[in-house]
Structures are given as C-alpha cells and as structure tokens.
Amino acid sequence: MVPVSHGYHVVEDRSFTGESNGESDSVPDSVVVQREQIGELEVWFFGVFNARMGDCVAKSMQSHLFDKKPKESQLTRKSKEAMRKAYVGARGKMKEKAEEKGKGKGKAKEKGKVGGGGSASAIVINGEKLVMANMGGYGAVVCRDGKAHQINRTRQNQGTPRRHWSRKLIPGSVIRMPKVQMLVRESGAPVGTDKANPKCSTEIVVGDERIDSDTEFVILASTGIWEVMKHQEAVNLIRHIEDPQEAAECLAREALTRMSKSIISCLVIHFE
C-alpha cells in the first residue's frame with residue numbers, strides 16, 4: 001500500500017482584488033478530506049467544492065458509498081457509480097435553484113445553464129487505485145513521472161465510462177476542512193469544461209486508474225488556479241516540493257501573483 005499525505009489551501013478573502021461576482025464568490029469553497037475503512041481496505045475521499053455543490057456531493061458520497069460498505073472486489077466500480085450519482089444530484093439541485101432564482105427575478109429560464117457550481121474530487125483506495133471526477137471549471141490532475149495527466153473527455157451521459165489515466169489508488173479518514181472561493185478563465189481550463197465559459201459547464205467527467213511507482217501526486221483545484229496556469233505548469237511548479245501543504249500554498253500564491261480573478265482553492269495529494 002502506497003503511503004498517502006495531503007495538504008490544502010484556500011484563499012477566503014478576494015475583496016482586495018476589487019472583483020465581485022455576486023453570490024458565487026461571496027461564499028467560500030469547501031475542502032473535504034475523509035478517511036474510511038471498508039473491510040481490509042483504507043479509503044480516502046478528497047474534494048474541493050464550490051459552496052453550491054459541497055454539502056450535496058459529500059452527503060451523497062456518504063449515503064451511496066461509505067454507509068453501504070460495498071464488497072472490496074466491487075469498490076472501484078461502486079466508487080465511480082457513487083461519484084457520478086453525487087455529481088448528477090448536485091447538478092440537478094443547482095439547476096433547480098437557478099431556475100427558481102430566474103423566476104423570482106422575472107427572467108426567462110436558460111436551459112442547461114447552471115452557473116457558479118464546480119468541483120474536483122478523488123477517491124484513493126488502499127494506495128492502489130484512484131477514482132477522480134471534476135465539473136464546472138474545477139480540475140483534477142495527476143503527475144506521473146513529471147508529466148501532467150487529466151481525466152479523458154468521457155461525459156457522464158455517454159453511458160459506461162472508459163478507463164482513464166494511470167494506475168493506483170489511496171485511503172482516508174473523515175475530516176472537514178476550510179473554505180475558499182472561485183472564478184473562471186480560459187487558459188489551462190480543465191478537460192470537461194466549457195472553454196468559453198467554464199463556470200457554466202455542467203459536464204461531469206469521471207475516471208479511474210492504478211497508482212504505480214510513477215504516480216507522484218494529484219492536484220485538485222478550483223478555476224482560480226487553472227485560469228492562470230496550464231496543468232503542466234502547475235506540476236512543474238510544485239514537483240520539487242515534498243510537503244503537500246507547502247505545495248498547495250505555493251500554487252495558491254502563484255495564482256495570486258498571476259492576478260487570478262477567480263476563487264482560489266487547491267488540495268495536493270502525495271503518494272510516497
């Protein structure tokens with residue numbers, strides 16, 4: 001079993017930038033880290049969530065995966081199913097709220113547009129398998145032998161998802177963490193996002209892979225990171241940093257230096 005460590009950082013006050021996007025950036029992001037024991041396997045759940053999605057996804061994962069204690073042989077498949085259900089459910093609730101808000105303001109509904117919601121999450125199973133998902137401008141990136149890899153562009157509504165990425169997974173225990181904020185741009189936008197307007201994308205991307213000797217770390221981050229740096233840039237920036245907490249802080253500082261206009265939150269998972 002590959003040992004796992006993690007660190008996270010959220011920038012909670014962006015008022016000094018003079019940028020304001022109303023409700024979406026007035027409430028900080030949530031970072032969630034949870035560790036569960038399922039049979040003989042140690043399972044970690046990591047997530048960086050926009051406030052519109054956080055509680056919904058976390059509660060759904062608890063009820064559809066951790067509380068059910070699936071068989072060890074089915075854990076990877078069940079984890080992917082639970083992740084998709086959690087994201088689809090969160091997306092549906094976001095759409096309902098957006099439509100209710102539109103009605104209240106006397107505006108016509110905008111079909112398929114659900115702004116302000118985003119998430120990147122990962123499940124590490126026994127340090128051997130990795131299941132990841134992202135939506136809405138947030139991104140999940142794996143560093144393997146110094147190279148950045150991301151989830152293949154397989155949409156949730158395309159039916160049975162393909163296997164994507166490298167190989168191996170990790171474990172974890174339940175811990176809720178601070179909050180951050182978010183925004184968007186185009187450069188380095190994660191796979192599965194709407195390049196023109198990532199915040200409005202409702203595409204759900206889910207993938208899994210093995211964790212092997214080449215798997216170094218995972219970055220889960222909000223749009224505030226990816227709007228100002230490409231995946232490989234982020235990997236190059238923190239690859240030499242052994243402490244994942246220091247690495248997460250480094251990414252956030254660099255995003256601020258590059259004048260990111262979006263909410264900045266990131267979580268780094270190291271495989272040692």
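Tutor: Welcome! Before we start, one definition: helices and strands here are DSSP runs, numbered from the N terminus, with at least four residues (H or I) for a helix and at least two (E) for a strand. Please also keep in mind that this is a predicted model.

Student: Thanks. How many helices and strands does the secondary structure of the protein come to?

Tutor: There are five helices and eleven strands. The protein has 272 residues, and 56% of them count as buried. Among contacts between residues at least 6 apart in sequence, 79% join residues at least 24 apart.

Student: Where is Met 259 found?

Tutor: Met 259 sits in the loop between helix 5 and strand 11, the latter covering residues 265–271.

Student: Is Met 259 buried or exposed?

Tutor: Met 259 is exposed, because its relative accessible area is 53% and the cut-off for exposed is over 50%. Asn 126 is in the loop between strand 4 and strand 5 (129–135).

Student: Is Asn 126 buried or exposed?

Tutor: Asn 126 has a relative accessible area of 12%, so it is buried; the cut-off for that is under 20%.

Student: Next, helix packing. What do I look for?

Tutor: Two packed helices are described by the angle between their axes and the distance between the axes. Take helix 4 (residues 231–238) and helix 5 (residues 244–257): their axes come within 9 Å and cross at roughly 130 degrees. That angle is why helix 4 is called oblique to helix 5. The crossing of these two helices is right-handed.

Student: Which residues in helix 4 meet which in helix 5?

Tutor: From helix 4 come Ala 234, Leu 237 and Ile 238, and they meet Ala 247, Cys 250, Leu 251 and Glu 254 of helix 5. By class, this contact of helix 4 with helix 5 has six nonpolar residues, no polar ones and one charged.

Student: How about serines? What does the side chain of Ser 119 make a polar contact with?

Tutor: Its partner is the side chain of Tyr 87, at 2.7 Å. Ser 119 belongs to strand 4 (residues 119–125), and its relative accessibility is 0%, so it counts as buried. Leaving out residues up to four places away in sequence, Ser 119 touches several others, including Val 48, Phe 49, Met 53, Ala 133 and Tyr 138.

Student: And where does Ser 79 lie?

Tutor: Ser 79 lies in helix 2 (residues 75–104). With 0% relative accessibility, Ser 79 counts as buried. The side chain of Ser 79 reaches a backbone atom, the oxygen of Leu 75, at 2.7 Å. Not counting residues up to four places away in sequence, Ser 79 touches Leu 65, Ile 123, Ile 125 and Val 131.

Student: Finally, how do I compare separation along the chain with separation in space?

Tutor: Read the two numbers side by side. Val 31, in strand 2 (residues 30–38), is 22 residues from His 9 along the chain, and their C-alpha atoms are separated by 8.5 Å. Val 31 is buried, because its relative accessibility is 0%. For Gly 39 and Pro 70, the numbers are 31 residues in sequence and 8.8 Å from C-alpha to C-alpha. Gly 39 is placed in the loop between strand 2 and strand 3.

Student: Is Gly 39 buried or exposed?

Tutor: Gly 39 is exposed, because its relative accessible area is 53%.

Definitions and conventions: Residues numbered from 1 in each chain as written. Predicted model: local features only at pLDDT ≥ 70, side-chain atom pairs only at ≥ 80, totals over all residues. Heavy atoms only, no water. Axes fitted to C-alpha atoms, helices over the stretch in contact; angles between N-to-C directions. Parallel < 35°, antiparallel > 145°, perpendicular 65-115°, else oblique. Left-handed = near helix turned anticlockwise from the far one by under 90°. Contact = heavy atoms within 4.5 Å. Nonpolar A, V, L, I, M, F, W, Y, C, P; charged D, E, K, R; others polar. Buried < 20%, exposed > 50% of the residue type's maximum accessible area, 1.4 Å probe, protein only. Polar contact = N/O pair within 3.5 Å; in protein donor to acceptor, adjacent residues only side chain to side chain.
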